[in-house]
Amino acid sequence: MFLTTKNEKECYGCFSCQNFCPVNAIFTVQDSQGYFYPSIDEKICIHCKTCERVCPNTLPHEAFALPKDCFAGLIKDKADLKKSSSGGAFKAIVQACRKHFALNYDAFYCAGVRFTDDFRVVHDVIKITDDNSIDLFSKSKYVQCYPAGIFKRCNSIIADERNFLVFSGSPCHCAAARKAFGDKKNVLLIDVICHGAPAQSVFDEYKKTLEKQYGSELVFYEFRTKNKLENGTYYTRSVTYRFADGTERRLSRLDDSYLKDFYDEKYIPRPSCTNCQFKRAERISDITIGDAWRINELYENLYPQGGVSSVILTSEKAVALQQSIQNEMDVYAVHYDFLVAHNEPLKGSQQ
């Protein structure tokens with residue numbers, strides 16, 4: 001564990017240790033690359049080892065499991081499909097949970113990653129009152145998020161067994177959720193097939209550069225837009241941004257500096273991302289979602305660059321939801337080996 005070894009490869013930036021420290025002895029510090037790490041105030045620490053118990057780096061091997069089933073698909077609602085980064089699996093799963101558990105729980109909550117008004121990427125949790133409220137967490141954000149107390153907030157929600165929580169995030173943050181929450185029946189964990197992401201400070205500098213270049217404040221930013229780009233093509237490895245003066249740009253990864261550095265891996269990654277124990281075929285969450293790359297090799301009518309989801313079911317809880325999820329999606333059979341072959345993070349850590 002990082003707090004004792006100081007090995008940066010052992011810290012994923014989830015700050016579950018800070019969330020649950022009973023005496024608030026843990027604070028965060030930022031390194032020269034913009035990544036945050038926990039630190040202990042030894043004058044306050046009572047050596048209770050709570051931080052060790054909740055750290056995802058201490059998960060045992062038996063916590064991981066090979067999937068029980070998987071499929072590819074697209075959400076049936078075409079408007080929702082256009083609003084998604086891939087095939088809309090995330091919204092379909094949350095909708096399926098609400099319907100599947102309608103008689104068992106009084107309230108539904110969803111934790112996910114969102115942009116703030118000033119374009120910081122944070123983990124947040126909201127009560128789901130209608131399908132549109134799910135959209136807050138839609139779309140990819142290729143920036144490492146700051147969890148900001150998310151695990152403690154979620155823990156207070158699921159302490160009431162009348163509440164159901166869908167917790168979504170990167171595999172490492174879902175692993176932290178698993179350590180923090182245990183295997184409670186009123187929680188479903190969804191992780192995304194993750195390559196890692198640049199620090200928030202990298203995006204902040206990019207934002208400043210854009211605003212200086214265009215002489216106007218950035219008011220809208222969307223990764224993986226599904227609108228036609230300026231070159232007349234449709235390509236989901238793209239971005240749309242808009243400024244206060246009305247100027248809008250829609251660019252592919254080849255024409256935008258942030259996307260180019262991200263896809264070409266020219267940024268300095270968090271050390272744990274280069275040594276990630278969660279980049280593997282065995283999964284930690286109930287469900288893993290991502291892109292079904294090269295699915296057109298199996299189904300000629302599917303266009304992966306336009307967005308097709310892969311849905312990987314690992315737990316019995318997830319399998320029990322399968323029919324409800326498929327009621328929300330047009331689904332296509334696919335073997336797990338195919339998904340692994342075309343998604344590097346499912347193959348294993350890049351040591």
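This is a predicted model: local features need pLDDT of at least 70, side-chain atom pairs count only at pLDDT 80 or more; totals for chains, interfaces and linings use all residues.
D135 sits in the loop between β5 (121–127) and α6 (150–158), and K91 in helix α5, so the pair ties together parts that are 44 residues apart in sequence. Now check the surface. D135 is partly exposed, at 22% relative accessible area. K91 counts as buried, at 5%.

Next, pick R114 and D124. Their salt bridge brings the closest N and O atoms to 2.8 Å. R114 belongs to strand β4 (residues 107–115) and D124 to strand β5, ten residues apart; the pair links distant parts of the chain. D124 is buried, with a relative accessible area of 11%.

Move to helix α8 (residues 200–214). K208 and E205 both lie here, three residues apart, about one turn of the helix. Their side chains meet in a salt bridge of 3.6 Å, N to O. K208 counts as exposed, at 52% relative accessibility. E205 counts as partly exposed, at 46%.

The structure holds 25 salt bridges.

Now turn to the nonpolar side chains. The largest nonpolar core has 45 residues, and I93, I287 and I325 have the most contacts inside it. Helix α5 (residues 89–100) gives the largest share of this core, seven residues. Select I325. It touches F71, I93, A96, I287 and L313, leaving aside residues up to four places away in sequence. Last stop: another core lies apart from this one, with 27 residues, among them F115, F119, Y142 and Y241.

Technical notes:
Residues are numbered from 1 along each chain as its sequence is written. Side-chain values use heavy atoms; hydrogens and water are left out. A nonpolar core is a set of buried Ala, Val, Leu, Ile, Met, Phe, Trp, Tyr and Cys residues joined through side-chain atoms within 4.5 Å. Buried means under 20% relative accessible area, exposed over 50%, partly exposed in between (1.4 Å probe, protein chains only). Helices (H or I, at least four residues) and strands (E, at least two) are DSSP runs, numbered from the N terminus. Contact means heavy atoms within 4.5 Å. A salt bridge is a side-chain nitrogen of Lys or Arg within 4 Å of a carboxyl oxygen of Asp or Glu.
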